[in-house]
Amino acid sequence: MLIVKNLEKSFGKTKVLKNINLEINEKERIVIIGPSGCGKSTLLRCINQIEKPTKGKVLFEGIPLDDKKTDINKIRIKMGMVFQQFNLFPHLKVIDNIILAPVKLKLMSKEDAIKKGKKLLNQIGLAEKINNYPKELSGGQQQRVAIIRALMLDPDLLLFDEPTSALDPEMKQEVLELMKDLGKSGLTMIVVTHEMQFAKEFATRVIFIDEGKIIEEGTPDDLFNHPKSLRLKEFLDNIK
Amino acid sequence: MNLLDNLYKTLIYDNRYLFFLEGIKNTIIIAFFAGIIGVIIGIIVALIKNYHEKTNKLKTLNFLASCYVNIIRGTPTILQLMIIYYVIFASVEINIVVVGILAFGINSGAYVSEIIRAGINSIDKGQIEAGSSLGLNYPKIMRYIIMPQAIKNILPALGNEFITLVKETSVGAYIGIIELTKASDIVASRTYEYFFPLIIAAIIYLIITLSLSKLIKIMERKLNNVNS
Ligand SMILES: Nc1ncnc2c1ncn2[C@@H]1O[C@H](COP(=O)(O)OP(=O)(O)OP(=O)(O)O)[C@@H](O)[C@H]1O
Ligand SMILES: [Mg+2]
């Protein structure tokens, strides 16, 4: 579903990503871990082309994303993203946040979008917040609304960049639970996180990145219980 | 009474108040239409520059837009007015008030574009990224996400720019537009007395600009009450 080939990204002279190769299949749940500043966010942002890769290719469902003929906005409908800071639209009510894209992209009528939005909000227990503004919600609620906003477009792949890092511990859980539910429903996901316990339970594959390179990848058991590289061992020791 | 005498001489005698009315009319007409032109130019220039910053496209247009802003901001208004009147429209029969509207509109557009750009840039870039990640294109992101938030910062600054514009129209006197300042000058040249005509002009300017300030304050309060 997603192929990343020899991806490189530099900001000015500093190479942030070096020769990244990845192949992700449907229904996989990938967790990316690594020390701060190693390039995890940059990798996700290169995958959905918010950041233009310096070199290499990203193919999504067989389509090369850097191709001039590719309409990246069409691709992004199928490849959602959830941000650390939620990035809800503060001037719009919860319902208007989540129906904005499907309605303005003419993928759904407003009535259908509202119906679908209500149904999804109901499933996560936020039905009564429908007419509230984002700032009237807790962080955990905001992030869950942001996830619903991405789900409204029925993405094939959802990227998460540290979705719980801005949350208090008691709110992390509600977001992580929702993500686990999504995983169970068969959604393909790539998640950057520092929540190692979650990674162990959730991931089908874990990728460890350091200094812009993939150092190790494998099952959670491989990486967490039998780390091969010194760097991963150090990393795991440090976060304990 | 000296004061009444002077007021009579300045306003009533020979229907001199008509000069002031003509001046007020032209000042308001020029400021109003130049303001509209300025906002239109300003939006276009701001969007060209912002789009270029975000995507690195529209290189030529962006270059032209930058030249325009730099030239307008880097040269005196009075010189721009003279160039437009004496050079560009030198051989064309054209109403001088229209020249004023165009000149001040073009001038104001540069400042307005910077105001709008600052307004757009004041919005967290996560908003644009969130919009992009949902498959929305640049125009839709601007229209539905950025502008509704930026307008809060833009409108008050735009109001201030308009107040500046009202005062700046006085420069039009230089090419012979009978706006408020010129009007008071004409009256003074008839009464051989400057104090009263100029004070009256000043009071009229103050009434206009203070009313505008008041309006901006009300607008600011309204905008801040809007939820977000
Ligand atoms: N727009 C940018 N301009 C210049 N340098 C950048 C930019 N974005 C990221 N970097 C640099 O690239 C490196 C990788 O950043 P990135 O945000 O991908 O790290 P990360 O692994 O997500 O870290 P964290 O865990 O702290 O989120 C960092 O050194 C960062 O300073
Ligand atoms: Mg990051």
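This is a predicted model: local features need pLDDT of at least 70, side-chain atom pairs count only at pLDDT 80 or more; totals for chains, interfaces and linings use all residues.
Reader: Why are H4(A) and H5(A) called oblique to each other?

Author: Helix H4 (residues 110–123) and helix H5 (residues 139–151) of chain A pack at an angle of about 140 degrees. Roughly antiparallel needs over 145, and roughly perpendicular covers 65 to 115. The pair is therefore oblique. The axes lie 10 Å apart, and H4(A) passes H5(A) in a right-handed crossing.

Reader: What makes E2 and E5 of chain A edge strands?

Author: The open sheet has 4 strands in the order E2-E1-E4-E5 (chain A), with antiparallel pairing. Strand E2 (14–24) and strand E5 (63–64) each have a single partner strand, so one side of each is left without a neighbour in the sheet.

Reader: How do you know that E1(A) and E2(A) pair?

Author: Pairing needs at least two bridges. Strand E1 (residues 2–11) and E2(A) have 7, in the antiparallel sense. In one of them, Ser10(A) has Lys15(A) in E2(A) as its bridge partner.

Reader: Which helix packs on the sheet?

Author: Helix H1 (residues 40–47) of chain A does, touching E1, E2 and strand E4 (55–60). The direction of H1 makes about 120 degrees with that of E1(A).

Terms used:
Residues are numbered from 1 along each chain as its sequence is written. Chains are lettered from A and ligands numbered from 1 in the order in which they are written. Side-chain values use heavy atoms; hydrogens and water are left out. Axes are lines fitted to C-alpha atoms, for helices over the stretch in contact, and angles run from 0 to 180 degrees between N-to-C directions. Helices (H or I, at least four residues) and strands (E, at least two) are DSSP runs, numbered from the N terminus. Angles under 35 degrees count as roughly parallel, over 145 as roughly antiparallel, 65 to 115 as roughly perpendicular and the rest as oblique. A crossing is left-handed if the near helix is turned anticlockwise from the far one by less than a right angle, and right-handed if clockwise. Contact means heavy atoms within 4.5 Å.
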